[in-house]
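This report covers the salt bridges of one protein model. The sequence and structure come first, then the pairs and their surroundings.

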Amino acid sequence: MPKFLIQATYTPEGAKGLLEEGASGRRAAVDQVVAGLGGQVEAVYFAFGEDDIVLIVDFPDPVSMAAVSLTVKASGALTTRATPLLTLDEVDEAARRRVPFRAPGR
């Protein structure tokens, strides 16, 4: 199952909601959304600095991740970025594939 790193920052409106609901309330909401699309939450961490929350989630396919991303961004409560995560075996497989590429000017 594809794994993703999600980094998010609350907007002022989203931060107010977090203060009202608490971290455990937001974790429950994340679990519900991810499980509803057939996925699983591996980790949730709250942070401070550039990102307010960092998650590692598994989804059955990239389209499910895109659906969540679009829905969350449309809410206006968070800005997010999702990064696909690859296993060592997946990177080894990618390294074995030959790609016919020519750099510009060569």
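## Salt-bridge network

Salt bridges link Lys-3, Glu-42 and Asp-58 in a network. A salt bridge here is a side-chain nitrogen of Lys or Arg within 4 Å of a carboxyl oxygen of Asp or Glu. By this rule the count comes to six salt bridges.

## Basis of the values

The model is predicted: local features need pLDDT of at least 70 and side-chain atom pairs count only at pLDDT 80 or more, while totals for chains, interfaces and linings use all residues. Residues are numbered from 1 along each chain as its sequence is written, and side-chain values use heavy atoms, with hydrogens and water left out.

## The two pairs of Lys-3

Lys-3 and Glu-42 form a salt bridge with an N to O distance of 2.5 Å. Lys-3 lies in strand β1 (residues 3-10) and Glu-42 in strand β2 (residues 40-46), so this pair ties together parts 39 residues apart in sequence. Strands (E, at least two residues) are DSSP runs, numbered from the N terminus.

The side chain of Lys-3 also meets that of Asp-58 in a salt bridge, at 2.9 Å from N to O. Asp-58 belongs to strand β3 (residues 53-58), so its pairing with Lys-3 in strand β1 ties together parts 55 residues apart in sequence.

## Accessibility

Buried means under 20% relative accessible area, exposed over 50%, and partly exposed in between (1.4 Å probe, protein chains only). Lys-3 is partly exposed at 25%, as is Glu-42 at 47%. Asp-58 counts as buried at 12%.

## Arg-26 and Glu-21

Arg-26 forms a salt bridge with Glu-21, with the closest N and O atoms 3.2 Å apart. Arg-26 is partly exposed at 26% relative accessibility, and Glu-21 is partly exposed at 40%.

Terms used:
Helix = DSSP H or I, 4+ residues; strand = E, 2+ residues; numbered from the N terminus.
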